[in-house]
Amino acid sequence: QAPALTALVVMNTACAAELLRAPSLVPVVEITQFLAELPDERWPPLRPLPEAVAIHRPCSQLRVLKHSAATERLLRRIPGVTVQALRSDRACCGAAGMQAVLQPEQAAALRAPILQELSDLGCSAVSANIGCAAHLSAGCGQPVKHPVEWIAAALPDSG
């Protein structure tokens, strides 16, 4: 018999935020928070990734889930990664659900300060919201990865 479901772990901050608004039979936990809270003894040794990474903290992570430090705590587990929070991510990046599609000019204007800061920093970017990551990636022309992608890249080879 399968064990009882004790939590629903969700990959995207916006999805987790929406699910938290609905009645649920189990706790809903966003994956960066879930992984960041795992004790050290539950982690395999991670391979070094000598990268500078700028963290975009989505509105859903900052304002609804209220665990904006989870992505940074998670990435700091990876040896060699230098982590920097973006100063410009205190405001919406412009993705906001359908905003990027329905109001592209406004969405681009909201995204511009973040893109400028990313350009100035000259480093990779990460976002725990897939919509924000896609919106930022479209503007900067390079992938904006999810934190779990960074963890996956640092996992030891399974051989």
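Reader: What is the mean pLDDT of the protein chain, and which elements have the lowest and the highest mean values?

Author: Where pLDDT is low, the predicted coordinates should not be read in detail. This is a predicted model, and the mean pLDDT of its protein chain is 89, with 99% of the residues reaching 70 or more. Among the elements, H3 has the lowest mean pLDDT, 79, whereas helix H8, covering residues 147-154, has the highest, 95.

Reader: How should I read the packing of H6 and H7, and at what angle do they pack?

Author: Two packed helices are described by the angle between their axes and by the distance between those axes. Here helix H6 (residues 104-121) packs with H7 at an angle of about 75 degrees, and their axes are 10 Å apart. Because angles from 65 to 115 degrees count as roughly perpendicular, H6 is roughly perpendicular to H7. On the H6 side the contact is made by Ala107, Arg111, Ile114 and Leu115, which meet His135, Leu136, Ala138, Gly139 and Cys140 of H7. By class, this contact has 6 nonpolar, 2 polar and 1 charged residues.

Reader: Where does Ser137 lie, and which residues does Ser137 contact beyond its neighbours within four places in sequence?

Author: Ser137 lies in helix H7, and, once the neighbours within four places in sequence are left aside, Ser137 is in contact with Gln142, Pro143 and Val144. From C-alpha to C-alpha, Ser137 and Leu115 are 9.2 Å apart in space, although 22 residues separate them in sequence.

Reader: Finally, how much space lies in the largest pocket, and which helices each supply at least two residues of its lining?

Author: The largest pocket holds about 180 Å³ of space, and helix H3 (59-65) and helix H7 (130-140) each supply at least two residues of its lining. Among the lining residues are Cys59, Ser60, Cys92, Cys93, Gly131 and Cys132. By class, the lining has 8 nonpolar and 4 polar residues, with no charged residues.

Key. Residues numbered from 1 in each chain as written. Predicted model: local features only at pLDDT ≥ 70, side-chain atom pairs only at ≥ 80, totals over all residues. Heavy atoms only, no water. 1 Å grid on protein atoms, 1.4 Å probe; cavity = no way out; pocket = protein on both sides within 12 Å on 5 of 7 lines; lining within 4 Å. Points joined across faces, edges and corners; volume = space filled by probe spheres on them. Nonpolar A, V, L, I, M, F, W, Y, C, P; charged D, E, K, R; others polar. pLDDT = per-residue confidence, 0-100. Axes fitted to C-alpha atoms, helices over the stretch in contact; angles between N-to-C directions. Parallel < 35°, antiparallel > 145°, perpendicular 65-115°, else oblique. Contact = heavy atoms within 4.5 Å.
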